[in-house]
Amino acid sequence: MTTRDFLGLLSGDVLAVAPRLLGCRLATAFDGEPTEIVITEVEAYGGVGDPASHAYRGRTPRNAPMYEAAGTLYVYRSYGIHWCANVVTGPEGEASAVLIRGGQPAVGTDRMRDRRRRDDHLTDGPGKVCAALGISGGDSGSSLLDGPVFLVPDAPAGSFSIESMPRIGISRAVDRPWRFVARPSDGSSLAST
DNA sequence: CACCTGATTGCCT
DNA sequence: GGCAATCAGGTGA
């Protein structure tokens, strides 16, 4: 997968890019220990025009990475406790991004268990994904092409359909079906463990 | 500078 | 199903 393909994946409206990230991988290798998940759940956030977006009221120190080029990583602190990761998309300055809500452990599952201090439900939530992969606020603003956090647009391991539904955990613009979940075609569970 | 809210999680009843 | 944990960012005085 070339840099051009990578950028092609992220070009276009955030609503088109978000479902495209399903099946792609998010990877880190902190401390020389590789960890990787297959993305199974995402949510799209626009900039101006999306009341639920961190960029709705314009640029601030926190959301500055959202205004950078597509492929930039935006990490924010949630509820003072958790970290949540976003893939910045769209034209530079538009401030749209895709929240990585969940995935399926693919590489370094044992390391994820260590970081999560439990054996199940390792990556079935935005805060859990960051905890399992070791992503934190210091990584915000880095390029997903150069690391330390990588977006790998590999072909999905299996076939699946994409279901869209309202975003969760928000209080504004709750009606927009901008949450995308991968549903395996064979009926088996893609749910994260 | 004080107040409030949150793109969550996990444990308790 | 309910709710505490825990604090930075954003808003308004």
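## Terms and model

Two strands count as paired if DSSP finds at least two bridges between them. Strands (E, at least two residues) and helices (H or I, at least four) are DSSP runs, numbered from the N terminus.

What you see above is a predicted model, in which local features need pLDDT of at least 70 and side-chain atom pairs count only at pLDDT 80 or more, while totals for chains, interfaces and linings use all residues. Residues are numbered from 1 along each chain as its sequence is written, chains are lettered from A and ligands numbered from 1 in the order in which they are written, and side-chain values use heavy atoms, with hydrogens and water left out.

## Confidence

The predictor's confidence in each residue is its pLDDT, from 0 to 100. For chain A the mean is 92, with 93% of the residues at 70 or more. Helix 4 (residues 126-133) has the highest confidence, at 98, and helix 1 (residues 3-10) the lowest, at a mean of 84.

Let's start with strand 2, at residues 35-45. Its 11 residues are buried, 11 of 11, so the strand is largely enclosed by the rest of the structure. Buried here means under 20% relative accessible area, with exposed over 50% and partly exposed in between (1.4 Å probe, protein chains only).

Strand 1 (residues 25-28) pairs with strand 2 in the antiparallel sense over four bridges; A27 has E36 as its bridge partner in strand 2. Six residues lie between the two strands of this hairpin, and D31 in the turn has a positive phi of about 60°.

## Other partners

Strand 2 also pairs with strand 5 (residues 96-107), antiparallel, over nine bridges. Strand 8 (residues 179-184) runs antiparallel to strand 2 and is joined to it by three bridges. V42 has a bridge partner in each: I100 in strand 5 and F180 in strand 8.
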